[in-house]
Amino acid sequence: MRRLLALTLAVLIPLSTPALALCTGDSAFDRLPATDQIRLQEKAAQVPYHQGLLWQASKGTRQITVMGTMHLYDPRLQGIMDQLEPMIAGADRLFLEMTAEDEAAFQVKMLADPALFVIAQGPGLDELLSPESWLALTNTLTLMPELGMPPEIAARMKPWLLGIMLSVPSCVLDSMRAGQAGLDRMIGARAQALDLPMVSLDDGDKMLALLAGDPLEDQIEDFDLAMRMLDHDPAQMVATIEHYFDQSFRLNWEYSLDHARARTTDPDQRAWLDSLLVEMEDELLTQRNADWMQVLLTDDSQRAFVAVGAAHLAGFGGVLDLLEQDGWTLSRLPLQVE
C-alpha cells in the first residue's frame, strides 16, 4: 500500500494552488491532441462497464443499486443527490466504503499509537530523503499554507501519512473546512437521517495495516521517488472532476496512468512506475473489490444501496463485473448530471 500512496502523491491526485479555489478551470485532458484523446477513449472502451455511474443489479428477489461516488465536494453533486433520494429511502441497507462511525473509530485507533505515524527517534525526513526530494517537499509545503505544517514538523512524520495529507488539493481542503462533503458522505448523512442501517465494506484494521505496516526504509524509498515526480498542475484535478460528471471515470483512469508514464524518461523511475501501476490497481481496486463482494453477497437484504468510488465500478474485476460473474443481471439507470 505504501507504493499506492506514493503514486497517488506523484501523479494521480496533483496538488492545486491558491489560484484554484473551487477545483474549477481548464481540464488537462482537453489540452491533449485529438489523436491522444481518441486513443485513450478507445482504450477505456475495451473494458466492461466503462461508462455510467448508476446501476441496478437484480438476482431473484434481490436488488442492489450501485452508485459510483466522488469523494470530494462539487455543487453539482446536489442534483445527483436529489435523484438518489427515493432510492436511498427505499433501501433496506446502505453499504459504503467506510461509514462515518467506522472512519471515526479508525482515526481514534490510529491516533492512539503515535508510532504508526511519527518518526520518534533518529534522523528525520530532512536527512533521510535525497536533497532534491526534501527541497520538493519544502516547496510543496510553501504552496499549501492551509496545511499549517512547517518543514520541521513534516520531517518527523512517516511518509505514508504525509503522502495522504499532501495529496489532498487545496480546493478540497477549503470545502472540507466549510463542511462540504463528497457524495459518499452526503449519501451517508441522508441514510442516517432516515435511520437506515449502514455497513462498511472496508475493514478498518486491515486498512490500517496496509497503510502503515511497511518498514520505514521502504516508505522513504518510494516517497523520495514520488516527490521527484510531483505534479502541481491543477488542471489534472479538473480533468478528474469533469470525467466524473461525464460519467466516464474509466477514461480518467486511463488518462491518469498515461499521464504518469509520460512524466519520466528515466529508466529507473520508469521501471519503478511500471511495477507500481500494476501493484496499485491490484491493491487499490481488484483486491478490495473482491473483499467487498464477500460482504455484499452474504447480505440478506432485499434492496441494498451501494455507494463506492467510481473507479471501482468499471473494468475486469470491477464491482459490476463481479456481480455479473455471480449471476446478477445489470442495467444502467438514467442519471442527469448538470
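This report describes salt bridges and aromatic contacts in one predicted model.

Residues are numbered from 1 along each chain as its sequence is written. Because the model is predicted, local features need pLDDT of at least 70 and side-chain atom pairs count only at pLDDT 80 or more, while totals for chains, interfaces and linings use all residues; side-chain values use heavy atoms, with hydrogens and water left out.

**Salt bridges**

Side chains of opposite charge can pair when their charged atoms come close. A salt bridge here is a side-chain nitrogen of Lys or Arg within 4 Å of a carboxyl oxygen of Asp or Glu. The whole structure holds 18 salt bridges.

| Pair | N to O distance |
|---|---|
| Arg93 and Asp299 | 2.2 Å |
| Arg185 and Glu103 | 2.4 Å |
| Arg288 and Asp202 | 2.6 Å |

Helices (H or I, at least four residues) and strands (E, at least two) are DSSP runs, numbered from the N terminus. Arg93 and Asp299 form a salt bridge. Arg93 belongs to strand 3 (residues 93-96) and Asp299 to the loop between helix 16 (267-297) and strand 5 (303-309), so this pair ties together parts that are 206 residues apart in sequence.

Buried means under 20% relative accessible area, exposed over 50%, and partly exposed in between (1.4 Å probe, protein chains only). Arg93 is partly exposed at 22%, whereas Asp299 is buried at 9%.

The salt bridge of Arg185 and Glu103 joins helix 11 (residues 183-193) to helix 5 (residues 100-111), so it ties together parts that are 82 residues apart in sequence. Arg185 is partly exposed, with a relative accessible area of 24%, and Glu103 is partly exposed at 29%.

**Aromatic contacts**

Rings of Phe, Tyr and Trp (its six-membered ring) pair if their centres lie within 6.5 Å; planes under 30 degrees apart count as stacked, over 60 as edge-to-face and the rest as tilted. The structure has four aromatic pairs. In one of them, Phe29 and Tyr255 are edge-to-face, with centres 5.5 Å apart and 85° between the planes. This pair links helix 2 (residues 28-31) with helix 15 (residues 249-262), and its residues are 226 residues apart. Both Phe29 and Tyr255 are buried.

Tyr244, Phe245 and Phe249 form one aromatic cluster. A charge sits over a ring if NZ of Lys or CZ of Arg is within 6 Å of the ring centre and within 35 degrees of the ring normal. Arg76 lies over the face of Phe245, at 3.9 Å from the ring centre.
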